[in-house]
Amino acid sequence: MPTVPLPSSANMAAEIDNSKYFVREIEKNDGCVLRLNQSYIGDVGCVVWDAAIVLAKYLETKEFYDPPSGVNAWCGRTAVELGAGTGVVGLMAATLGAQVIVTDLEDLQTLLNTNIQENQSLIKSGSISAKSIGPLVETLKQLSGPETSIICCYEQRTEGVNPEVERKFFELLNRHFSCEKIPSDKQDPEFSSPDIHILHIRRKD
């Protein structure tokens, strides 16, 4: 399966915290670097996935953030990242000025809070905190209203039960939401991949 091409600035760094974590660095467009701790032991939420990087870099595209022209769609906005894992997307949004809540299962709270603390110096006007939250589609229904914009990014997988899980998720999602796929020319030109999809999701009337 193809992976997202990463520049030399996004790499694996040295082990820290008695070898509990290894670090991945993601360079922002302004040259600052997000440092994401990843756990050697744990489930899928313990590492930075390519889809998370694609979505994080999408938040920096000119549609949302272009300081020379005065565009900053994230400044002062409230954002919730569901299934945050390491928290890279929420951290990116917070550094751009959003008030962010990152959510995942209880056993990932320590990792999320570690990454928040690691990157706190990059967060100026925004904020970020970590919490646990329930099932995905039901949560989206509870959190969203007519003006809510949901941005979803996922890597399409063809092995095992993944296609069936994906089919059931979108079947349930489409009962309550409309989905618009973002074309590759609207994404970050370097951080994108044919098998990673970004969707804008809104509640149906």
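Leaving aside its neighbours within four places in sequence, with which residues is Thr61 in contact? The legends below, for a predicted model, begin with this residue.

Figure 1. Thr61 is in contact with Lys186, Gln187 and Asp188, its neighbours within four places in sequence being left aside. The residue is found in the loop between α1 and β4 (65–66). With a relative accessible area of 10%, Thr61 is buried.

Figure 2. Not counting residues up to four places away in sequence, Gln187 touches Val54, Tyr58, Thr61, Ile182, Ser192 and Ile198. One of these partners, Tyr58, is 129 residues away along the chain, yet the C-alpha atoms of Gln187 and Tyr58 are separated by 5.5 Å.

**Figure 3. The protein chain as a whole.** Five helices and 11 strands are present in the protein chain. A compact globule with 205 residues would have a radius of gyration near 17 Å, and the value of 17 Å for the protein chain agrees with this. Taken along the principal axes, the box filled by the C-alpha atoms is roughly 50 × 45 × 30 Å. Of the 205 residues, 44% are buried. The chain exposes about 11,000 Å², of which carbon and sulfur atoms supply 53%. Among contacts between residues at least 6 apart in sequence, 63% join residues at least 24 apart.

**Figure 4. The largest nonpolar core, with 37 residues.** Within this core, Val88, Val100, Val102 and Ile128 touch the most other members. Two or more core residues are given by each of β3 (33–39), α1 (50–58), α2 (88–95), β7 (99–103), α3 (109–118), β8 (127–131) and β11 (196–203). The largest share, seven residues, comes from α1. Apart from this core lies another, of 10 residues, which includes Leu140, Leu173, Phe177 and Leu199. In soluble globular proteins, nonpolar side chains tend to be buried together.

**Figure 5. Val100 and its contacts.** Val100 is one of the residues that touch the most other members of the largest nonpolar core. When residues up to four places away in sequence are not counted, Val100 touches Ala79, Gly90, Ala93, Ala94, Ser127, Ile128 and Ser129.

**Figure 6. Helix α2, a mostly covered element.** Eight of the eight residues of α2 are buried. They are Val88, Val89, Gly90, Leu91, Met92, Ala93, Ala94 and Thr95. Just after α2, Gly97 takes a positive phi of about 110 degrees.

**Figure 7. Helix α3 and its cover.** In α3, the buried residues are Gln109, Leu111, Leu112, Thr114, Asn115 and Ile116. The elements covering these buried residues include β2 (21–27), β3, α2, β7 and β8.

**Figure 8. The buried face of helix α4 (residues 136–143).** Val137, Thr139 and Leu140 are the buried residues of α4. Seen down the helix axis, they fall within an arc of 160 degrees and therefore line one face of α4. Their cover includes β9 (150–155), α5 (162–176) and β10 (177–181). Leu140 is also among the members of the core of 10 residues.

**Figure 9. Glu155 in strand β9.** Glu155 counts as buried because its relative accessibility is 13%, the cut-off being under 20%. The side chain of Glu155 makes a polar contact with the side chain of Arg157, at 3.4 Å. Strand β9, the place of Glu155, is included in what covers the buried residues of α4.

**Figure 10. Ala73 in the loop between β5 (71–72) and β6 (78–81).** Ala73 has a relative accessible area of 25% and is partly exposed. Ala73 and Tyr40 are 33 residues apart in sequence, and their C-alpha atoms are 35 Å apart in space.

Note on methods:
Residues numbered from 1 in each chain as written. Predicted model: local features only at pLDDT ≥ 70, side-chain atom pairs only at ≥ 80, totals over all residues. Heavy atoms only, no water. Buried < 20%, exposed > 50% of the residue type's maximum accessible area, 1.4 Å probe, protein only. Helix = DSSP H or I, 4+ residues; strand = E, 2+ residues; numbered from the N terminus. Arc of directions from axis to C-beta. Contact = heavy atoms within 4.5 Å. Core = buried A, V, L, I, M, F, W, Y, C linked by side-chain atoms within 4.5 Å. Polar contact = N/O pair within 3.5 Å; in protein donor to acceptor, adjacent residues only side chain to side chain. Rg over C-alpha atoms; globule rule 2.2 N^0.38 Å. Areas by Shrake-Rupley, 256 points an atom, 1.4 Å probe, with all protein chains shown as cover.
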